[in-house]
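Student: I have a new structure open and have not looked at it before. Can you take me through a few of its features?

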Amino acid sequence: MGALKVIALLLLVELALSARLPPKSDVSFSENYYVRWANDHTRVLNGGSEMQLVLDKASGAGFGSRSKYLFGHISMKIKLVPKDSAGTVTAFYMSSETDKHDEIDFEFLGNVSGQPYIVQTNVFANGVGNREQRHYLWFDPTQDFHSYSVLWNKQQIIFYVDDVPLRVHKNNEAIGIPFPKSQPMGVYSSLWNGDDWATRGGLEKINWDHAPFVAAYKGFSVDACAGGVESCSAPKGNWWEQEAFQSTDEETKSKLKWVKDNYMIYDYCTDSKRFPTTPADCGQF
């Protein structure tokens, strides 16, 4: 066995034992992504290793992946809109973009200058969402780039902020809850005007005197299976299929508890106004 194969095997063994995400190399924006709308509201910098989306009164902007994926690890390094970003929404998400779509969302909700950013996460399966959670971030996401990522396999979806697990969404098909596992999803991001709902329920509007609003991105590599059910559902020995990533270990549970106890501000599971009967998947962690 060659030296490179030995190193690769040792890396897989280490990952299986530690359930840690592997490091990812950066690639240029154009290798995996393209501008989907408002090209004149984007800026590609540093030879394509960084790009920016711009929002002003005329338009926002968005980009998407060149491929669709079924299972894997998707991440992006983002520096969010600074200062008074009230009413702006920076979205980083996966979607099948079908009639009964599957979707996995990060939405970063802007704020009046000096207030903490809120990140809203959600999961859709067969067109049904209503699985929102909201958290404050424990740092200022406008001062530097931070990694936001999704680990997605047949058993669970884990949202990460840097290396900290923010949320786990389990496959609860056994109790009748649909789970996204059959529709390939593209990876997308956009910066847009959401001031009818994003900040204090729409009470805080965008102050266009502070435009243009800019969100910056880098780290455009994707580590996922590009294709559909036939090519991606059969076991292929990918690292995200390893046993260590099929369930939530004690270290991950401890970090999730820390995030929940200190930074969670909304959970659909405890919203009795929206759900007089607690959703069946709550308590299945």
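Tutor: Start with N46, which lies in the loop between β2 (42-45) and β3 (50-55). This is a predicted model, so each value here is computed from it.

Student: What is the phi of N46?

Tutor: Phi of N46 is about 50°, a positive value, although N46 is not a glycine.

Student: And is N46 buried or exposed?

Tutor: N46 is exposed, because its relative accessible area is 57% and over 50% counts as exposed.

Student: Which other residue has a positive phi without being a glycine?

Tutor: D162 is one of them, with phi near 55°. D162 is placed in the loop between β11 (156-161) and β12 (164-170).

Student: How accessible is D162?

Tutor: D162 has a relative accessibility of 27%, so it counts as partly exposed.

Student: Now F145. Where does F145 sit?

Tutor: F145 is in the loop between β9 (133-136) and β10 (146-152).

Student: Does F145 count as buried or exposed?

Tutor: F145 counts as buried, because its relative accessibility is 16% and the cut-off for buried is under 20%.

Student: What is F145 in contact with?

Tutor: If neighbours within four places in sequence are left aside, F145 is in contact with E50, K77, I78, K79, A216, Y217 and K218.

Student: How far is F145 from S190?

Tutor: Their C-alpha atoms are separated by 17 Å, and F145 and S190 are 45 residues apart along the chain.

Student: Change of topic. How many residues are in the largest nonpolar core?

Tutor: The largest nonpolar core has 57 residues. The members that touch the most other members are F92, F106, F108, Y148, W152 and Y217. Strand β5 (residues 69-79) gives the most to this core, with six residues.

Student: Take F108 from that list. What does F108 touch?

Tutor: Not counting residues up to four places away in sequence, F108 touches I78, L80, T88, V89, T90, F92, Y117, I118, V119 and Y148. Among these, F92 and Y148 are also on the list of core members that touch the most others.

Student: How many cavities are there?

Tutor: There are two cavities of 30 Å³ or more.

Student: What about the second largest cavity, what is its volume?

Tutor: The second largest cavity has a volume of about 30 Å³.

Student: Which residues line the second largest cavity?

Tutor: Its lining consists of F92, Y93, M94, I104, F106 and V150. The elements that give two or more residues to that lining are β6 (88-95) and β7 (103-109). The largest share, three residues, comes from β6.

Student: On to charges. How many salt bridges does the structure hold?

Tutor: The structure holds eight salt bridges. One of them joins K181 and E173, whose closest N and O atoms are 2.9 Å apart.

Student: How accessible are K181 and E173?

Tutor: K181 is partly exposed, with a relative accessible area of 33%. E173 also counts as partly exposed, at 34% relative accessibility.

Student: Which residue forms a salt bridge with E250?

Tutor: K253 does, and the closest N and O atoms of that pair are 3.7 Å apart. E250 and K253 are three residues apart in helix α4 (residues 250-263), so about one helical turn separates them.

Student: And how accessible are those two?

Tutor: E250 is exposed, with a relative accessible area of 59%. K253 counts as partly exposed, at 30% relative accessibility.

Student: What about K257, which residue does its side chain meet in a salt bridge?

Tutor: The side chain of K257 meets that of D261, at 2.6 Å from N to O. K257 and D261 are four residues apart in helix α4, so they too are separated by about one helical turn. Both K257 and D261 are exposed.

Conventions:
Residues numbered from 1 in each chain as written. Predicted model: local features only at pLDDT ≥ 70, side-chain atom pairs only at ≥ 80, totals over all residues. Heavy atoms only, no water. 1 Å grid on protein atoms, 1.4 Å probe; cavity = no way out; pocket = protein on both sides within 12 Å on 5 of 7 lines; lining within 4 Å. Points joined across faces, edges and corners; volume = space filled by probe spheres on them. Core = buried A, V, L, I, M, F, W, Y, C linked by side-chain atoms within 4.5 Å. Buried < 20%, exposed > 50% of the residue type's maximum accessible area, 1.4 Å probe, protein only. Contact = heavy atoms within 4.5 Å. Salt bridge = Lys/Arg side-chain N within 4 Å of Asp/Glu carboxyl O.
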